[in-house]
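Thanks for coming. I have one structure to go through today, and I will keep to what can be computed from its atoms.

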Amino acid sequence: MASLDQSRHLVTEIPGPASLELNKRRTAAVSHGVGVTLPVFVARAGGGIVEDVDGNRLIDLGSGIAVTTIGNSSPPVIEAVRQQVEEFTHTCFMVTPYEQYVAVAEQLNRITPGSGEKRSVLFNSGAEAVENAIKVARYHTGKPAVVAFDHAYHGRTNMAMALTAKSMPYKSGFGPFAPEIYRAPLSYPYRDGLVDKELATDGEKAAARAISVMDKQVGAGNLAAVIIEPIQGEGGFIVPAEGFLPTLLDWCHQNDVVFIADEVQTGFARTGAMFACEHEGIEPDIMVTAKGIADGLPLSAITGRAEMMDSVHSGGLGGTFGGNPVACAAALATIAAIESDGLVERAQQIERLLTEPLRRLQAADDRIGDVRGRGAMIAIELVKSGTAEPDPELTLKLATAVHAAGVIILTCGMYGNIIRLLPPLTISDELLTEGLEVLTGLLSEV
């Protein structure tokens with residue numbers, strides 16, 4: 001494929017006529033239960049650019065929801081996938097295994113936090129991996145209950161929906177959900193600080209609040225696992241106050257509770273560390289990964305302490321397509337590229353390029369309630385002027401205007417008032433700056 005020009009360029013309105021025709025076909029053929037953020041149909045993508053079927057080139061600040069970390073159509077991934085497809089596409093690892101699956105497990109055991117002996121299992125999606133992490137925790141402990149947190153998002157399958165906090169659109173009308181799921185308060189520094197300044201900065205105090213709820217509503221003797229995103233994704237890119245995660249982890253270890261870190265969105269250099277747990281030295285019992293693991297091919301994993309992962313009977317974990325050899329080839333190439341190309345450090349650079357101008361704008365525009373996040377995972381929380389009241393209407397208007405100007409951004413949050421920025425780590429400084437300038441310029445106009 002010819003290299004894709006790394007510049008924003010609009011030749012039609014967004015969406016253009018070719019995309020509009022394809023949208024008519026989509027409406028007639030695809031379930032209306034599948035929503036679309038920006039109805040432009042993609043022809044090519046690479047680096048920091050997505051090109052649509054009308055020839056418009058859009059700046060990509062979404063990465064397919066934190067998936068194409070090393071850029072769409074990354075050459076080493078393309079070559080690894082091509083070679084694997086020529087050899088074979090599937091045998092089912094549970095029937096006749098292959099080295100690629102083992103190699104991915106070895107890499108995950110090596111790069112995830114924790115120096116002890118580990119094991120990994122591969123699946124297809126983040127939700128599938130979450131379900132299996134819960135299975136392992138329940139099997140290992142012999143206990144039924146699981147605690148998730150306010151604002152959490154863990155997927156769309158039945159167990160994952162039960163763990164997810166937001167009803168619309170993820171849960172509404174789809175119950176009943178899996179039982180023995182409980183919810184504890186998260187450390188949310190911006191909103192905690194509106195009622196208790198100390199709670200906003202004292203992670204140990206915020207953790208004590210959560211532990212009190214778990215003790216009273218569940219009881220450690222019934223609790224198999226606590227599952228948490230070290231930085232929440234769909235919930236609003238919420239970074240807990242320092243000390244929150246370590247205090248929770250200590251409590252879990254004291255009470256025979258499995259600590260599961262859901263790093264589906266935060267993993268693989270996204271936050272300026274290979275995994276977000278590393279920012280506070282957290283070593284989870286089980287880690288869930290997906291999204292950025294294979295640069296766009298469907299793959300997910302759980303990696304955990306060997307004694308937990310090996311406790312499950314043979315045949316208790318698996319799946320027909322889990323650890324597909326083509327996806328495994330992509331994952332090996334992706335991990336190698338992240339490490340060889342210095343993309344952890346690149347995520348740190350992106351954080352500075354995004355947050356410094358955003359914080360300057362925050363000081364001048366009181367509709368920006370908070371700027372937060374780590375690495376190439378940055379959020380802007382929008383509120384009504386002069387208040388801390390969430391402003392989802394402003395957020396929607398801004399996102400719509402930014403899309404029309406040729407920049408892909410995403411929204412999120414329980415209140416629908418958060419703009420989230422997830423650029424590929426391979427994006428140029430020039431494209432990143434231009435995309436941000438479009439966003440901030442339109443905010444002043446909306």
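Predicted model: local features only at pLDDT ≥ 70, side-chain atom pairs only at ≥ 80, totals over all residues.

The overall picture, then. The protein has 446 residues, and its radius of gyration is 22 Å. The C-alpha trace spans about 60 × 60 × 45 Å along its principal axes. In secondary structure, we have 15 helices and 15 strands.

On burial, 55% of the 446 residues count as buried. The exposed surface comes to about 18000 Å², with carbon and sulfur atoms supplying 53% of that area. As for contacts, take those with a separation of 6 or more: 73% of them are between residues 24 or more positions apart.

Now the empty spaces. Rolling a probe the size of a water molecule over the atoms shows where empty space is left. How many cavities of 30 Å³ or more does a search of the whole structure find? The search finds two.

The largest cavity holds about 50 Å³ of space. Its lining is made up of Pro230, Ile231, Val239, Pro240, Leu245, Ala276, His279, Glu280 and Arg374. Sorted by class, that gives six nonpolar residues, one polar and two charged.

The second largest cavity holds about 30 Å³. Around this one we find Leu358, Leu361, Ile380, Leu382, Leu398, Leu439, Thr440 and Leu443. Seven of the lining residues are nonpolar and one is polar, with no charged residues. Three elements supply at least two lining residues each: α13, residues 343-364; β12, residues 377-382; and α15, residues 429-445. The largest share is from α15, with three residues.

I will take the second largest pocket, with a volume of about 270 Å³. Two elements give two or more residues to its lining, namely α4, residues 99-111, and β4, residues 118-123. Which of the elements gives the largest share of that lining? That is α4, with five residues. In total, 15 residues line the pocket, and those nearest its centre are Phe93, Tyr101, Ser120, Val121 and Leu122. The lining of this second largest pocket has eight nonpolar, five polar and two charged residues.

On to the backbone. Most residues other than glycine have a negative phi, and most peptide bonds are trans. Here are some exceptions.

Two cis peptide bonds to look at. The bond joining isoleucine 14 and proline 15 is cis, with omega about -5°. Proline 15 sits in the segment before α1, which covers residues 17-29. The other cis bond runs from glycine 175 to proline 176, and its omega is near 5°. Proline 176 is in the loop between α6, residues 158-163, and β6, residues 181-184.

Then two positive phi values. Phenylalanine 237 is not a glycine, yet its phi is about 55°. This residue belongs to the loop between β7, residues 223-228, and α10, residues 244-254. Is phenylalanine 237 buried or exposed? Its relative accessible area is 0%, so phenylalanine 237 is buried.

Lysine 291 also has a positive phi, near 40°. Its place is the loop between β9, residues 286-289, and β10, residues 300-305. With a relative accessible area of 23%, lysine 291 is partly exposed; the cut-off for buried is under 20%.

Last, one more residue from the loop between β7 and α10, alanine 241. Why does alanine 241 count as buried? Because its relative accessibility is 5%, and the limit is under 20%. Leaving out residues up to four places away in sequence, alanine 241 touches Ser187, Pro189, Ala200, Thr201, Asp202, Gly203 and Glu280.

How values were computed. Residues numbered from 1 in each chain as written. Heavy atoms only, no water. 1 Å grid on protein atoms, 1.4 Å probe; cavity = no way out; pocket = protein on both sides within 12 Å on 5 of 7 lines; lining within 4 Å. Points joined across faces, edges and corners; volume = space filled by probe spheres on them. Helix = DSSP H or I, 4+ residues; strand = E, 2+ residues; numbered from the N terminus. Nonpolar A, V, L, I, M, F, W, Y, C, P; charged D, E, K, R; others polar. Rg over C-alpha atoms; globule rule 2.2 N^0.38 Å. Buried < 20%, exposed > 50% of the residue type's maximum accessible area, 1.4 Å probe, protein only. Contact = heavy atoms within 4.5 Å. Areas by Shrake-Rupley, 256 points an atom, 1.4 Å probe, with all protein chains shown as cover.
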